[in-house]
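Thank you all for coming; I would like to take a few minutes to walk through one model with you. Please have a look at the structure first, and then I will go through it part by part.

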Amino acid sequence: MMDNILSIIIFLPLFMAIFLGLIRAEITLLKIGAMFSSIATLFLVAWTAFYFDPEGGMQFVENAPWIKNSGMSYFVGVDYLSLVILLLISLLMPPLYIYMYHENRKGYWYNMMLLQTGVTGAVLSLDLVLFYLFWETMLLPIFVMIGKYGNGLHQYNSMKIILMTILGSMSMLFSIMYIGYVYFNTVGTWSFALIDLSTLTFNAQTSIWLTAGFLLAFAIKIPLVGFHTWMAPAYGSSPTPAVVIMSAIMAKLGIYGIWRFGFGLFETTLVYYAPTIITLALIGLLYYAIRAITEDNLRKMFAYSSGSHLSLIALGLFLTNIYAWSGSLYLIAAHAFASAGIFIMIGLMYKRFKTVQISALGGIASKAPKFTFFFAFFALSIAGLPGTGGFVAELLIIIGAFKANFWIGVLTATTMLSAMLYIFWMLQRTLFGISNNDAHYEDLSIREIIMLLPLVILLLATGIMPSLFTPIFEPQLNASLQEIIRVIGDLK
Amino acid sequence: MMIQFLLALPMVIIVIGALTLMLLSQSKRFTLDRLNLIAVFFLVISLVVQLITMGDHKSTFLFTDLLGHSLILDDFASIFDLMFTVGAMLTLLINNDYFKSRSYFNGEYFALILFSVFGMMMLSHAHELVTAFIALEIASLSIYALVGYHKNNKVSSEAMMKYLVLGSMTGAFFILGTTLIYGAVGSTSLTEIATYVIINEHQDMSLLIIGSSFIMITIMFKIGAVPFHSWVVDVYHGAPYPLTMFMASTFKIAIFAIALRLYLVNFGPINSFWSELLQIMTILTLIGGSWLAINQKLVKRMLAGSSIVHSGYLLIAMSSLGLGSEMAAPAIMFYLIAYFLSSVGAFGILSFIASQSKRQMTYDDFKGFAQKRPYMALMMSIFMLSLAGFPSTIGFLGKFYIFTSAIESGQILLAGLGILIAFISVYYYFKLIAVMYFYTSDAPQKIFPVNISTIVIAIMALLVIWGGIGTSLIPFIPSPDGFIDIAKRTISSLI
């Protein structure tokens, strides 16, 4: 069984969903089944992480032919990078299901299970066509969830997100097909496996176009500034579980894509793009922060804040030094927990007050102290409060930025300041002040506290004891970075 | 002689079936249900005979002492025969409810369907231009009559007139082309033409080229390539649902059967002549088709417009073929199978809904459909995803092969345009999914009706998914690999 552990992790939720759908499960059974699949997956992932060898490269590999005629294979494996995101996904699913405890619309549960399979598959695939398959299919549940259960202009916004992301995916598909054909032309057989394709070399012109194809897909997903028009409307009108997955996982997959496929296939060409992306990321840092300051809708505000942090991660990635890289990987995890927490809190807030407009809120602190504590904790950990994981990560990236260039460092450091600015101002207006709302201020229930505690503990653990987590990824991260620096050095 | 007869038996059975149905339809004792069953029965027998005799006969000419080299039997033709028979069978089975719900259907309908299947089969076997023309006309004339079957309906009659007049006119081009080729070669047999082309490869063959270009016009008209597309949307709209399904899936495949045979074998050495023309036509078809599909309010018309786009994808592969891509021909075959499965399914669901109500079926009529009929909506979504080329469906692999063949032949920009058009198509296909799922309806949920129509549609949906994700791990079940193998073998039997 343990040979196929990754396949089980990927497909358990899907098969659970199919099974429950076939027996037309009642809502209670559906909830139990979904919960079971998420907890079982969590255990399997924990098992994988436990037996994961930090020095060992790609592990738990499964490689089976899928469509032999064109060399597509079912090729999955896990290394330091995918392990981090895999852990995030499996850790976030159970709290989300607890959050959805009172949700009686069946489609919600089915979509969440399909979504888990989609994102897990995308993280673990090492074959480009397989990756593309999961990358596209994970959009469908999001599309349906926003369109069906969202609020505001949800039908329009869900069409917008699917069209924009598919535009990116199509350009990536083009690059994938081209690379596949070049491989066929040079080697004589078809293959889309990453290790095979990474042996290819292209001339500069071709390489620039092919990289652009991939980068467009990832830039839209992250989203870098300029490719972000879908973000705020989609976050604003999607239901809470969907928005948690979008900001905590799917946006990170854009970063993951650059990391895995960008640096895996075109490390030399990425140097060519690095100034552009660093500039975009720096603009993004400030632009998103300013938008967050001026935004009145809490969901949209944290959408912009999420964009700002993802720009920071992308920036760290393209600075290519060990501080920035460790920081980026660390921030992927820390920001996932913090943003999951804050979006869940916003969801709870909406349930209580039927609004997420800052101007309509106020005076929560005096009536619902526990709620206030958790809300403030997650908000502050987004801002990078010392003692939470975000602080460690942002500090690392800022150090890396100063190492690369003084002015980039200065600009990067402003994120922490601006984040403090919009977070504190928001907290002041929502939690304190006069309560101008007649709704009953119900405090957090035990169930809700149980759901939030793991996130709090993880954020504190990553903040106070980074040395507990870094050994998982440090050795390999360093090794792959050295490799890339060597290649770039050869170029110069 | 006996063996020869056995090989021709599938076609003969279809003709006998058609004649029998014509006679039986005069009797009051035979209801539509029974006649439909009889038609399917003949198709099944023909299918069984085809399966038995398949495989072990590479390029046999039928009745050489009687017909000369005008009918050939090879793997290529038998695969197409199989698709026509299955296509007709599916059309009849899926629309069983629809036939009963409309009073204007009667027995001749089934006879005409069988006649057109016979025409198509002959077309795929034709190895001589006049035979091909006659076969094409047998198929087309049956289709003309079927399009205008709803005599009292203005839209239907208009569609019939439009198709008949335009179709006959372009049919004349085929004959004109044949004459010119006869003038050059001195024969209309494809064998002779192929030899002539090879011998005179470096000499002036303008007469032959002009002649074959005229034949191309007919073919382009029948598949609805821009600028010969003006009939498509109206005719698809005016025709009854069963026929729209039959035309979009089966009849289009038949045209590609003759197009591939001519293009690959006979004009093989000179087909680079058309590549620029084909490229221009491909670009026009892709853009024009998308434009038509985006602007429609009726789902049926949208599918009609999108069928032009799918012809455009196939034309991409055709022009790659001319530029020497090896994968292009199997890609065309695979795409035909993929398009066949998904469009039959999509039209099948439309006709099923139409059999329950008299609605026109605009996008708006689909509001809340997922709530009313969750399974139907799921299957419709699967077919839409496949038509849009979303991964995990067979449509994705179809497009994948087409675009890689374009890249292989160096038509990078054409592949890029294809991708862009596929992106645009996401809009109008996803619009239907969005409408079905994003709106609530007051009507109570209906139970899934288990009858022959719905079961067949469900099987198609499963095949579409299986064709996209099926692995080569499970033997005996044809997966994408199997489909591609079939496609490759078919093409290799041609060359």
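What we have here is a predicted model, in which local features need a pLDDT of at least 70 and side-chain atom pairs count only at pLDDT 80 or more, while totals for chains, interfaces and linings use all residues. Residues are numbered from 1 along each chain as its sequence is written, and chains are lettered from A and ligands numbered from 1 in the order in which they are written.

On confidence, the predictor assigns the complex an ipTM of 0.92 and a pTM of 0.93.

Turning to chain A, helix H1 (residues 5-22) and helix H2 (residues 27-51) have axes that come within 9 Å and cross at roughly 180°; helices here are DSSP runs of H or I with at least four residues, strands are runs of E with at least two, and both are numbered from the N terminus. The axes are lines fitted to C-alpha atoms, for helices over the stretch in contact, with angles running from 0 to 180 degrees between N-to-C directions. That crossing makes H1(A) roughly antiparallel to H2(A), a term used for angles over 145 degrees. Residues making the contact include A:Ile5, A:Leu12 and A:Met16 of H1(A), and A:Leu30, A:Gly33 and A:Leu44 of H2(A), where contact requires C-beta atoms, placed from the backbone, to lie within 7 Å.

Between the chains, 27 residues of chain A are in contact with 25 residues of chain B. On the side of chain A that touches chain B, strand S1 (59-67) and helices H5 (128-137), H6 (139-149) and H7 (154-187) each supply at least two residues, and the largest share, 13 residues, comes from H7(A).

As for the backbone, a cis peptide bond joins A:Ile222 and A:Pro223, with omega about -15°, and A:Pro223 sits in the loop between helix H9 (204-221) and helix H10 (231-237) of chain A. In chain B, a cis peptide bond joins B:Val226 and B:Pro227, with omega about 10°. Finally, A:Arg24, in the loop between H1 and H2 of chain A, has a positive phi near 50° although it is not glycine.

Note on methods. Angles under 35 degrees count as roughly parallel, over 145 as roughly antiparallel, 65 to 115 as roughly perpendicular and the rest as oblique. Two residues are in contact if their C-beta atoms, placed from the backbone, lie within 7 Å.
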